[in-house]
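Load the model in a viewer and keep the selection panel open. The stops below go from the whole chain to single residues and back to the sheets.

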Amino acid sequence: MKFSRQLAVSSLAVIVLAACSSDPNTRREAKDDFNYLDAPPLESWTLPEDATPQFYPNYEIPKGDYSGGIGREVDIRPPQQVLELIPGARVERQGSDVTLWLLQKDEMDKVWSTVKTMLAEINVKARKETDDFIETDWVSWVSEDEDVEIGSRYEISRFEANNRYGFKMKLIDWREGGKDKPVTRVNEERYNTLMTNLVTARYDRDLREEAARRAQELVKSIPISMGTDRSGLPVIIARTPYNVMWQEIPELLPKMGFTIEERNQSQGTAKAKYAAPDDAFWNDVGLKPIDLEPGEYTFLFGDLGNRTSINVTDKDGKPVAENLLRSLEPLISTVIKKD
């Protein structure tokens with residue numbers, strides 16, 4: 001699924017389950033044939049006058065006025081699910097419409113701002129707009145599941161009810177290959193959900209980017225000092241949680257002259273080769289060159305709750321001398337602050 005305007009939504013993972021055939025119909029239609037459509041209609045049994053009929057309800061088909069597609073008209077694609085990427089939001093479906101309920105007004109304000117950002121990113125203008133309502137222009141969709149380009153328009157609204165804050169997505173117009181057509185219930189549900197997911201995915205991306213910014217600011221202020229582990233051996237102590245420190249390793253070690261060859265977060269190890277940086281680097285960080293021979297080393301990171309221990313071993317698995325560890329402590333501290 002993609003937009004004709006080449007939209008790229010990085011936080012929305014789109015998985016395409018391709019069938020053996022490239023024909024879009026084969027992705028929507030059931031396998032095998034539809035010979036059952038040619039079956040003769042059922043007839044009532046004609047019983048002898050002295051026979052007493054016996055009826056069993058096990059396989060009785062309920063009576064009713066049912067409508068819907070049959071044969072090739074039946075869309076077998078699994079229904080789209082709303083991506084629950086907004087913390088605390090509850091999904092409610094009313095017919096084909098999708099409503100997200102939130103508990104806090106400030107959360108709804110963020111979602112509403114996200115809606116406007118997302119529409120601007122995919123270059124979809126508003127035909128009508130108020131503080132709590134947007135009627136969109138056409139959104140174009142190109143999918144391997146569809147024969148032609150799909151167009152849809154939406155009413156997007158926000159409101160308050162029963163001390164909750166709702167955000168509603170409603171498909172109001174539909175066209176296929178540039179021609180206006182009535183929308184099926186299946187497509188209405190499907191494309192309401194897809195449009196809602198663009199909003200939730202964009203919201204999730206904003207949250208993760210903000211979390212990354214905060215983590216980066218936190219890293220810059222991490223106190224680094226010498227300490228001891230539980231065995232009393234010298235280690236470098238970073239006063240930040242293990243998961244925060246681990247995220248910095250891919251950038252931190254290369255800036256210190258280490259080329260990372262292997263990392264294992266569950267074991268807390270990072271194997272790297274050291275090549276001494278040039279004089280310009282040491283002038284830039286304002287430190288004397290460390291007396292560390294070029295070669296292979298392993299950094300060991302330990303989870304101490306709200307702190308992280310750092311140790312270094314050589315290629316034989318032996319801890320480096322304490323004086324080398326002490327020379328690494330100011331280097332790590334300086335490089336982190338300069339990121």
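Predicted model: local features only at pLDDT ≥ 70, side-chain atom pairs only at ≥ 80, totals over all residues.

Residues are numbered from 1 along each chain as its sequence is written, and side-chain values use heavy atoms, with hydrogens and water left out.

**Whole chain**

Colour by secondary structure. The protein has six helices and 15 strands; helices (H or I, at least four residues) and strands (E, at least two) are DSSP runs, numbered from the N terminus. Among contacts (heavy atoms within 4.5 Å) between residues at least 6 apart in sequence, 57% join residues at least 24 apart.

**Strand β8 and its partners**

Select strand β8, residues 164-176. Two strands pair if DSSP finds at least two bridges between them. Strand β3 (residues 97-102) runs antiparallel to β8 and is joined to it by five bridges; Thr-99 has Lys-168 as its bridge partner there. Strand β7 (residues 150-161) is also antiparallel to β8, with 12 bridges, and Ala-161 stands opposite Arg-164. Two residues separate β7 and β8 in a hairpin, and Asn-162 in the turn has a positive phi of about 55°.

Move on to strand β9 (residues 179-180), which pairs with β8 in the antiparallel sense over two bridges. Glu-176 faces Lys-179 across this pairing. The β8-β9 hairpin also has two residues between the strands, and Gly-177 takes a positive phi near 60°.

Now show the side chain of Arg-164: its charged end sits over the ring of Trp-101, 4.1 Å from the centre. A charge sits over a ring if NZ of Lys or CZ of Arg is within 6 Å of the ring centre and within 35 degrees of the ring normal. Arg-153 does this with Trp-138, at 5.9 Å from the ring centre.

**Helix α2**

Select Met-108 in helix α2. Met-108 is buried, with a relative accessible area of 3%. Its C-alpha atom is separated by 6.5 Å from that of Tyr-165, 57 residues away along the chain. Beyond neighbours within four places in sequence, Met-108 contacts Leu-100, Leu-102, Arg-158, Tyr-165, Gly-166 and Phe-167.

Thr-114 lies in the helix α2 too (residues 105-121) and is buried, at 4%. With the sequence neighbours within four places set aside, Thr-114 touches Val-199, Arg-202, Tyr-203 and Asp-206.

**Aromatic pairs**

Show the rings of Phe, Tyr and Trp. The structure holds 10 aromatic pairs: ring centres (the six-membered ring for Trp) lie within 6.5 Å, and planes under 30 degrees apart count as stacked, over 60 as edge-to-face and the rest as tilted. Trp-141 and Tyr-191 have ring centres 5.5 Å apart and planes at 75°, so the pair is edge-to-face. Trp-141 is in strand β6 (residues 139-142) and Tyr-191 in helix α3 (residues 185-220), 50 residues apart. Both Trp-141 and Tyr-191 are buried.

Next take Trp-246 and Phe-301, whose centres are 6.0 Å apart with planes at 90°, so this pair is edge-to-face. Trp-246 lies in helix α4 (residues 242-255) and Phe-301 in strand β14 (residues 295-303), so the pair ties together parts 55 residues apart in sequence. Trp-246 and Phe-301 are both buried.

Select β10 to β15. These six strands form an open antiparallel sheet in the order β10-β11-β15-β14-β13-β12. β10 (224-228) and β12 (258-264) each have a single partner strand, so one side of each is left without a neighbour in the sheet. β14 and strand β15 (residues 308-313) pair over six bridges, and Leu-300 stands opposite Asn-311.

Met-245, Leu-252 and Lys-255 in α4 meet Ile-332, Val-335 and Ile-336 in α6.

How values were computed:
Buried < 20%, exposed > 50% of the residue type's maximum accessible area, 1.4 Å probe, protein only.
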